[in-house]
Amino acid sequence: MRTLIILRGSPASGKSTWVKEMGLENYTLSADSIRLLVESPIIVADKNHRVISQKNDNYVWQLLFELLEKRMSRGEFVIIDATHSRSSDFSRYNKLCERYRYRRYFVDFSDVSLEECKRRNLQREDYKRVPENVIDKMYSRLRTQGKTSGWVKVDKNNFWNEVGMKLLDLNHYERVNVFGDIHGCYDPLKEYFEKYPFNENEMYIFCGDYIDRGLQNKETLEFLMSISNRKNVLFLEGNHEKWINYYSLDEIENIKSNTFLKKTMVEILDLDKKALRAFYRKIGQIAYFKFGKITYLISHGGISYLPDELQLIATEQFINGVGDYNVDIDNIYTENTMTNLVMQIHGHRNTYEIDDVNRKSYNLEGKVEFGGYLKVLQLNKEEIPTLIKIKNNNYGSQEVDDEVKECKTKIINEIPMIEQLRNSRDIKETVLDNNISSFNFTHNAFYNKNWNELTCKARGLFINTNTNKVVARGYEKFFNVNERRDTELEHLIVKFKDKITCYKKENGYLGIMSWVNGELFVASKSTNKGDFAEWFRNIYENSNINKQQLEYFLEKNDVSLTFEVIDIEHDPHIIQYNESKLVLLDIIHNDYEFKKEPYEKVQELAKLINCECKTIYKEFDNVREFHKWYLENTDEDDMSKKDIEGVVIECSGIMTKLKFPYYNFWKSMRKVKEQVLRRNNVKLSGLYNATSNYFYAWLKKQDEETLRKDIITLRNMFYKYIKEKQII
């Protein structure tokens with residue numbers, strides 16, 4: 001946590017030894033250690049052994065302060081091991097301590113006698129010895145120069161009792177009220193205090209995230225500031241409070257939140273910045289106290305277990321929580337503290353919408369800013385805690401609160417869609433026969449990720465340019481999990497409200513069928529012409545599909561059928577199949593707005609036309625089960641799924657994709673194969689496991705004719721080779 005300890009004492013007074021004995025080496029920045037990083041020991045004229053060079057001191061201290069600020073920006077517990085013999089040595093840390101709100105302590109080793117320091121110096125390794133006149137000089141400074149104000153002396157023999165986290169006793173209060181995230185939602189906060197009036201005999205602890213997203217940021221701050229001087233009120237810091245600090249200090253350039261800049265800041269412009277600074281200075285890091293027979297630990301983000309010394313946890317981890325946003329921190333903490341009586345309370349993240357109080361980690365994040373609940377946990381001495389939930393009826397639309405917004409090109413209803421498509425430089429039109437044009441995003445849009453409502457829509461969109469009617473279409477562009485901000489797992493888990501269905505993703509290319517101008521329209525990618533469309537048609541014509549029933553269905557319904565086209569002869573991909581085939585994927589309405597029939601209708605049609613249908617790979621009733629499965633199936637070392645590309649995940653109107661490790665690995669190896677064939681440089685850092693390195697070495701030995709083979713053939717040849725050679 002935000003604590004800076006500087007050691008003060010002559011060389012050989014025992015500072016480094018004390019650090020080692022205390023087990024604090026990982027939390028210590030040592031000037032001598034950095035000197036040895038900058039330059040190894042050197043030979044000097046007046047010594048018969050090497051010594052630590054002092055000539056780089058300006059750079060050494062510059063580097064030490066850079067490292068120190070890095071750690072302080074995260075709120076880490078830091079020790080500085082140096083002599084600090086002058087008063088001015090203390091003051092050089094003051095600005096950083098003020099900026100990052102650090103407590104300042106020093107441990108004094110000047111009680112070790114001059115003679116003892118010199119004796120120990122002689123016993124040091126040769127390169128660590130310092131001249132005796134240096135010890136004399138340092139010792140004289142320690143005796144004559146006092147420290148600057150603001151620094152608290154700590155007894156080195158009683159260190160943790162003086163610096164360690166103190167357990168508060170709140171048993172003189174009748175009740176403790178713990179508030180979850182507020183996010184600028186004043187109405188439910190006001191309602192709580194109307195129902196449970198402020199009481200001097202009760203304690204009030206707020207978990208953080210007081211602003212942003214909600215509609216009443218000013219009112220919320222005014223209320224919280226009005227009670228901030230009460231002795232029975234404690235505010236903890238959330239991840240949104242730093243924007244208040246930067247704003248109050250006129251450091252707008254440090255604010256990375258669009259929500260604060262465009263929304264919250266506008267609301268609070270007439271609040272006094274000096275008062276905001278004073279409020280921010282009152283905000284603490286954690287609450288650690290005993291109430292009744294139970295010990296409680298309260299932070300904003302929540303941690304995964306209780307360490308021996310809370311001071312050694314960086315404040316950043318208390319604020320942002322341990323692990324990714326989608327980690328089930330409550331379940332992890334409960335499992336890790338089965339024999340521990342310390343109960344955790346936090347806000348910040350509630351991916352799995354935990355709402356019970358019969359566990360060891362209470363989650364008070366209730367999505368209040370999106371029409372959810374302000375959660376308040378009332379702690380009672382002799383009873384189990386009571387969870388109070390107050391619905392927020394004053395809220396705006398839900399949006400992803402991020403630093404980088406995706407480009408959004410709005411569809412304008414007054415302008416015909418075909419004109420909007422033609423006016424976009426990221427969409428190309430391909431003119432076909434019979435007044436049909438296809439519209440698809442360009443290579444530039446793909447490689448530069450210029451995704452918006454138009455470019456996502458223009459993905460195999462076939463339009464009659466005379467009537468502006470969609471005559472055939474595929475899917476709108478959808479993305480892999482974690483490919484974009486809005487498909488990051490943490491956001492998907494929040495959006496997934498219904499049963500989560502994962503469909504097996506076959507490894508071929510997309511085929512589209514529709515009924516256009518009285519005949520079957522067969523297309524792939526952006527055209528009904530060319531090799532891919534022809535291969536698709538040939539597989540269809542040579543299949544056992546009931547063509548009469550299929551074509552009758554298309555003639556009577558204004559829809560397109562999408563297929564996965566598996567062509568082992570002309571277009572083998574990554575996954576090996578025994579035969580070419582078609583797999584019916586979906587029934588999609590021929591409309592600009594994407595709409596498809598339910599899976600049950602697809603199954604019925606597949607049975608009717610005697611065609612293989614896409615299959616459900618996994619289903620999940622809740623996001624917790626899905627998240628566990630996701631983690632198990634994204635381990636890059638798990639190459640067990642050799643017969644599947646991945647899954648298409650559908651839930652709450654959202655479609656996204658997940659590719660499994662085996663597919664991803666051999667897709668990357670296909671790229672390596674092409675680079676070897678073209679004699680381009682291969683990025684060796686991308687060869688992240690043994691198989692990739694052996695495969696690359698094997699490729700380099702192959703002739704050009706072999707390298708031109710598809711990746712499935714090469715993979716089989718390679719596996720045969722390593723089996724014969726018993727390499728892996």
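**Exercise 1. Strand pairing**

Task: Find the bridge partner of Val178 in β10, and describe how β9 and β10 are joined.

Solution. Step 1: The partner of Val178 in β10 is Ile205. Strands here, like helices, are DSSP runs numbered from the N terminus (strands: E, at least two residues; helices: H or I, at least four). The model is predicted, so local features need pLDDT of at least 70 and side-chain atom pairs pLDDT 80 or more, while totals for chains, interfaces and linings use all residues. Residues are numbered from 1 along each chain as its sequence is written, and side-chain values use heavy atoms, with hydrogens and water left out.

Step 1: Strands β9 (residues 175-179) and β10 (residues 202-206) run parallel and are joined by 5 bridges. Two strands count as paired if DSSP finds at least two bridges between them.

**Exercise 2. The sheet**

Task: Give the strand order of the open sheet of 5 strands, and state which strands stand at the edges.

Solution. Step 1: The order is β11-β10-β9-β16-β17, and the pairing is mixed.

Step 1: The edges are β11 and β17 (386-391); each has a single partner strand, so one side of each has no neighbour in the sheet.

Step 2: From one strand to the next, the twist averages 20°. Axes are lines fitted to C-alpha atoms, for helices over the stretch in contact, and angles run from 0 to 180 degrees between N-to-C directions.

Step 3: Helix α9 (residues 186-195) lies across β9, β10, β16 (373-380) and β17, and runs at about 130° to β17.

**Exercise 3. The two sides of α13**

Task: Sort the named residues of helix α13 into buried and exposed, and list what the buried ones pack against.

Solution. Step 1: Buried means under 20% relative accessible area, exposed over 50%, and partly exposed in between (1.4 Å probe, protein chains only). In α13 (residues 273-281), the buried residues are Leu276, Phe279 and Tyr280.

Step 1: These residues cover an arc of only 95° around the axis, which puts them on the same side of α13. The arc is that of the directions from the helix axis to the C-beta atoms.

Step 2: Lys274 and Arg281 are exposed and sit on the face turned away from the buried side of α13.

Step 3: The buried residues of α13 pack against α10 (217-227), β11 (233-235) and α11 (241-248). Contact means heavy atoms within 4.5 Å.

**Exercise 4. Nonpolar cores**

Task: Which residues touch the most other members of the largest nonpolar core?

Solution. Step 1: A nonpolar core is a set of buried Ala, Val, Leu, Ile, Met, Phe, Trp, Tyr and Cys residues joined through side-chain atoms within 4.5 Å.

Step 1: The largest core has 36 residues, and those touching the most other members are Leu189, Phe206, Tyr210, Leu221, Leu224 and Phe235. Helix α10 supplies the largest share of this core, 5 residues.

Step 2: Apart from this core lies another, of 27 residues, including Tyr509, Trp535, Phe553 and Ile609.

Step 3: Take Leu224 as a case. Its neighbours within four places in sequence left aside, Leu224 is in contact with Ile182, Leu189, Phe206, Tyr210, Phe235 and Phe279.

**Exercise 5. Salt bridges**

Task: How many salt bridges does a search of the whole structure find?

Solution. Step 1: A salt bridge is a side-chain nitrogen of Lys or Arg within 4 Å of a carboxyl oxygen of Asp or Glu. The search finds 41.

Step 1: Asp32 and Arg35 form a salt bridge at 2.7 Å, N to O. An α-helix has 3.6 residues a turn, so residues three or four places apart point the same way. Asp32 is partly exposed at 35% relative accessible area, whereas Arg35 is buried at 11%.

Step 2: Arg624 pairs with Asp328 in a salt bridge whose closest N and O atoms are 3.0 Å apart. Arg624 is partly exposed at 33% relative accessibility, and Asp328 is buried at 10%.

Step 3: Salt bridges with shared partners join Asp586, Lys596, Lys614 and Glu650 into one network.
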